[in-house]
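Subject: Structure handover and notes

Dear colleague,

Here is the structure I said I would pass on. Please keep it open beside this message while you read.

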Amino acid sequence: MNAASAPTLSPRELEIFHRYAGLSLPRHVAYPMTNWWQALSSEQADQFFAASNKGRASDGAVDASLAPPDLSLYVHIPFCESLCKFCGCNKVILKKERADAPARVDRFLEALLRDIDLVADRLDTTRPLRQLHFGGGSPTYLMPEQLVQIHERISSHFDIAPGAEQAVEVDPRVTTFEQLTTLRNLGFNRISLGVQDFDAQVQQHVRRVQPYEMVERTVEQSRSLGFQSVNFDIIFGLPYQTVESVARTIEQVIALGPDRIAYYHYAQVPAKIATQRGIDHTRLPSSDEKLQMFLMGRERFTAAGYEFIGLDHFARPDEALARSLRDGTITRNFQGMTTGLELDLVGVGPSAISHLRRIGFVQNATDTDAYAEGILEAGSAVARGTSLSADDIIRQTLLEELYGNARIDPRRLEQQFGIDFDTYFADERKRLEQLEQDSIVQFAEDRRILLTDPLGRVLMRNVAAVFDAYLEPDAFCRGASHEYSTNA
Ligand SMILES: C[S@@+](CC[C@H](N)C(=O)[O-])C[C@H]1O[C@@H](n2cnc3c(N)ncnc32)[C@H](O)[C@@H]1O
Ligand code: SF4
């Protein structure tokens, strides 16, 4: 199949797509989205952590008969050797040869280790740790002994469960076999490679030159060391990409056979992310081309045996993410779609987020120096967060199901929260009727609300916006007044 024969929408679907695409809408990596969070004191954060040590019912009420959720720990390591122009992550570009680099990294490490101690003090650490994730920035910016130091500090406090998912994000350009060996020996079993795109012109423009052979070598090394799951991050919608060039990248990806693929729509908010201003905006693909890239990618990945999951992920049917979709434990957080819906997520490092389920969110200071100063001098780097109201919990649950399974099940929400769905969501129902007339959703006989395929799937964020009580009521068809990346 060549790229030109990739699937497309019917003329009617295309007309509807144009009406709803190109809007500023959240991707709901959290609900409420971070722009609605408030400044939070360390005392308030302490209260959230203390509450998390107690069992709780599905509406958040303390229930002493239930055990508190098991834990997931996210560690943010912000450093990178060089800047990729598209990057929307919280990173610190620090060339290793700079004279001040070792001191800055040491201060960060000192703060991070202290942060792990402080978090462990607040938590009941008999709660098993089921997931550990090193992300960034680029965790393999650090030397093997520094990675060991962080892991040892974590395992000195936490009870890492047998079979826990231990994942690390790696940039193949800076990752050595020695680092991979160290990580594997520490028990890491999942590895995620930033690949983005294989086309030389695209790579040069976004300043991320990374030949196919380099990625191939990292994959081979990871497999030889016994990492169970290899993930690739791919981005479509970058400047100079064409449907044909992305098709070639996808063929190369499939040839390398990762277990899981995040196929991200390039998210750009240059007004907020200054480093994205270096992107040549005249060379960005159009909304129609991005639609083609998405549909073509999806067809090729599924033809190669991957399951399409949520908004933008693909996984082999036997891979943990696909299994978690089937058993209902899939969720969505700042790392994208992930397993572990039932876990309390605890974040350490700059900008790291803790999501204490049905209690609230806590986020550390984003700036790495401010973070280190907060931890080392005041014993806390908490910057902002929010508690969750009963309404937030209901909507968060609904959105998790929508993003994971492309449907809403009113009966499940009624059972879980004791609401009458049609009364509770009477206003939303009217907006859904507009989406139903436009063939974006379907009302099934068993009352479930299903996203149509492919139109509803590509406009998933519009359907989600219907249920986001913080947005304007018409945001789903006109876009939000707040600045998010565009939906398509
Ligand atoms: C922290 S990086 C991964 C690890 C490492 N720093 C690297 O780049 O290889 C996380 C991922 O976020 C994705 N990403 C970053 N900025 C993005 C953007 N503006 N839009 C979509 N995806 C983005 C990239 O695919 C990247 O691999
Ligand atoms: S994409 Fe990865 S390597 Fe590039 S700047 Fe962002 S975090 Fe660093």
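The notes below go through the domains, the helix pairs, the ligand shells and some backbone details.

This is a predicted model, in which local features need pLDDT of at least 70, side-chain atom pairs count only at pLDDT 80 or more, and totals for chains, interfaces and linings use all residues. Residues are numbered from 1 along each chain as its sequence is written, while chains are lettered from A and ligands numbered from 1 in the order in which they are written.

Domains

The chain is divided into domain 1 (3–28 + 390–478) and domain 2 (34–387); such bounds come from an automatic or database domain assignment. Between the C-alpha centres of domain 1 and domain 2 there are 27 Å. In the contact between them, domain 1 takes part with 20 residues and domain 2 with 23, two residues being in contact if their C-beta atoms, placed from the backbone, lie within 7 Å. On the domain 1 side, the elements that give two or more residues are α12 (390–405) and α13 (410–417). Helices here are DSSP runs of H or I with at least four residues, strands are runs of E with at least two, and both are numbered from the N terminus. α12 gives the most to this side, with five residues. By class, the domain 1 side has 13 nonpolar, five polar and two charged residues. Ala, Val, Leu, Ile, Met, Phe, Trp, Tyr, Cys and Pro count as nonpolar, Asp, Glu, Lys and Arg as charged, and the others, Gly among them, as polar.

Helix pairs

Two packed helices are described by the angle between their axes and the distance between the axes. The axes are lines fitted to C-alpha atoms, for helices over the stretch in contact, and angles run from 0 to 180 degrees between N-to-C directions.

Helix α3 (residues 101–122) and helix α4 (residues 144–157) cross at roughly 10°, and their axes come within 9 Å. α3 is therefore roughly parallel to α4; angles under 35 degrees count as roughly parallel, over 145 as roughly antiparallel, 65 to 115 as roughly perpendicular and the rest as oblique. The crossing of α3 and α4 is right-handed. A crossing is right-handed if the near helix is turned clockwise from the far one by less than a right angle, and left-handed if anticlockwise. From α3, Leu-109, Leu-112, Leu-113, Ile-116 and Ala-120 meet Gln-146, Gln-149, Ile-150, Arg-153, Ile-154 and His-157 of α4. This contact of α3 with α4 has seven nonpolar, three polar and one charged residues.

α3 also packs on helix α11 (residues 368–378), where the axes come within 9 Å and cross at roughly 50°. That angle makes α3 oblique to α11, and the crossing is left-handed. Here Arg-107, Phe-108, Glu-110, Ala-111, Arg-114 and Asp-115 in α3 meet Thr-368, Tyr-371, Ala-372, Ile-375 and Leu-376 in α11. The contact of α3 with α11 divides into six nonpolar, one polar and four charged residues.

Helix α8 (residues 243–256) and helix α9 (residues 287–303) have axes 10 Å apart, at an angle of about 25°. α8 is thus roughly parallel to α9, with a right-handed crossing. α8 contributes Val-243, Val-246, Ala-247, Ile-250 and Ile-254, and α9 contributes Glu-289, Gln-292, Met-293, Met-296, Gly-297 and Arg-300. Seven of the residues in the contact of α8 with α9 are nonpolar, two polar and two charged.

Ligand shells

Ligand 1 is surrounded by 19 residues, and the closest are Gly-88, Asp-171, Gly-194, Asp-233 and Ala-267; a residue is near a molecule if its C-beta atom, placed from the backbone, lies within 6 Å of it. The elements giving two or more residues to this shell are β5 (129–136), β7 (190–196) and β8 (229–236). The shell around ligand 1 has eight nonpolar, eight polar and three charged residues.

Around ligand 2 are Cys-80, Leu-83, Cys-84, Cys-87, Cys-89, Lys-91, Gly-136, Gly-137, Ser-138, Asp-171 and Gly-194. Five residues of the shell around ligand 2 are nonpolar, four polar and two charged.

Backbone details

Gly-136 and Gly-137 are joined by a cis peptide bond with omega about 25°, and Gly-137 is in the loop between β5 and α4. The peptide bond from Tyr-31 to Pro-32 is also cis, with omega near -5°. Pro-32 is in the loop between α1 (11–20) and β1 (38–39), and His-28 is found in the loop between α1 and β1. His-28 has a positive phi, near 55°, in a residue other than glycine.

Regards
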